[in-house]
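Dear colleague,

Please find below the structure that I am handing over to you.

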Amino acid sequence: MIPELRKRFNDAFTQQRYERLLMLMEERCGTRVEYRMAETPVFLPLELLEGMAREGAELTRDLIGNAEYLAAARNAIPAGFAVAGETAHPHFLTADFALVRDADGKLVPRLVEIQAFPSVYGYQDILNSAYRDAFEMPDSLGWFLSGLGEAGYWDLLGRTVLGGHNAENVVLMELDPRNQKTLPDFEVTTRRLGIALVDIRSIEPVGNKLNYRDSGGRLIPIHRIYNRAIADELMARQVRLPFDLTHAWDVEWAGHPNWYFLISKFSIPWLCRPPGSHAVVPPAVFLDDFLAGTGRDQLIAAGVAVPTDDGPETIYGELLLKPLFSFAGKGIQFDVARRELEAIPASERSGYLLQQRMRFEPTIETPKGLTQAEIRILYLWPDGGSLTPALSLVRLGRGKMMGVDHNRNQEWVGASAAFFPQNPQREST
């Protein structure tokens, strides 16, 4: 994306420097990193990152301001997962973008998905700094957004997670956290913010309060939960919790569970509907509307090549089938056949969408050939504050899917980071 920086990095690359990156990450995270880390970061113009950040924020504000949409999204929350005490806005938001060629051949961002759920905020900062140190990159390359520096970033993250409470009474809650691939992020975050890492199955309700036990066995009241327990995993594993998730407990949420559903893939068909449709959002419709409504006509009107044949072996090569509330690319199907769509029970079809397939443009020159990049903008929205794009992360790949689990046994792919030349006039904190 910035040819001179790309060439400079590739020319200076050595396997020893990459191995130093891996060593630094394990040292600084305090645990083994299971993700595959790419051999390279990417170098992007700040204007491109800021443009994507503005788009994601605008989409979010449109959704939050749309009462009809929010009512429909709340109605789609699965039974047993509508939690009391919903906050006025999400505390965390991620917006994923692909880089594609438009009809004029111009490289433009397109939304892959948007999700009001925390990402690896702690881990990603460590990864960026490890790239800088391992490959001896100049300090003139930045990675924080909104004019933030490292101290300002961690202050913003701390205010968002802690919400003014003592760290002892705030927990990072996940299902089986010690066996999650995101453990490095948990370790970095809990160590830096001074909060406890707890398994959701170990929470102890007493009266109307939730509690956890510290390393000495003391029962500690929980005043605020940094929620990292993914509803999709709880449902898939049929986890029985020691407390009723929907009860109105005397606790605050940093990342209220309802927002996982309220701003999710469920929003995409709404965001691409006229008259308020957004060019950055690819056309999409709910599966039930495609099979028994006006969905197919909507896609065709939006310029998507959809076969008119309804035969069972008809293949929809320009559409992706996506479960609404899955995470990390689970359940996404390419080149789905009509018979596969119709095999989904009618009662479950509202839980899927069909979205125009985007062809990621390979833009990153590497010794292994051109590589594609998916760029995620990470936002923070503390109580009493504003929605702030704070950092980005990148996933590099060459397959149909961009997640690190979908690009195994390859090199110069995996979890990565975005750097940009800093404006010397821009103030950092």
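At what angle do α5 and helix α7 pack, and how far apart are their axes? Helix α7 covers residues 183-193, and α5 packs with α7 at an angle of about 90 degrees, the axes lying 7 Å apart. Because angles of 65 to 115 degrees count as roughly perpendicular, α5 is roughly perpendicular to α7. Axes are lines fitted to C-alpha atoms, for helices over the stretch in contact, and angles run from 0 to 180 degrees between N-to-C directions. Helices (H or I, at least four residues) and strands (E, at least two) are DSSP runs, numbered from the N terminus.

Please note that this is a predicted model, in which local features need pLDDT of at least 70 and side-chain atom pairs count only at pLDDT 80 or more, while totals for chains, interfaces and linings use all residues. Residues are numbered from 1 along each chain as its sequence is written, and side-chain values use heavy atoms, with hydrogens and water left out.

The contact (heavy atoms within 4.5 Å) between these two helices involves Y121, G122, Y123 and I126 of α5 and P184, D185, V188 and T189 of α7.

Helix α5 (residues 121-134) also packs with α6, at an angle of about 170 degrees and with the axes 11 Å apart. This makes α5 roughly antiparallel to α6, a term for angles over 145 degrees. Here Y121, G122 and D125 of α5 meet E150, Y153, W154 and L157 of α6.

Next comes the sheet. Four strands form an open sheet in the order β6-β5-β10-β11, with parallel pairing (two strands pair if DSSP finds at least two bridges between them). β6 (196-199) and β11 (252-254) are at the edges with a single partner strand each, so one side of each has no neighbour in the sheet. From one strand to the next, the twist averages 35 degrees. Helix α6 (residues 150-162) packs on the sheet and touches β5, β10 and β11.

Finally, the largest nonpolar core has 128 residues, and L21, M25 and Y123 have the most contacts inside it. Such a core is a set of buried (under 20% relative accessible area, 1.4 Å probe, protein chains only) Ala, Val, Leu, Ile, Met, Phe, Trp, Tyr and Cys residues joined through side-chain atoms within 4.5 Å. Helix α3 (residues 46-64) gives the most to this core, namely eight residues.

Terms used:
Buried < 20%, exposed > 50% of the residue type's maximum accessible area, 1.4 Å probe, protein only. Parallel < 35°, antiparallel > 145°, perpendicular 65-115°, else oblique.
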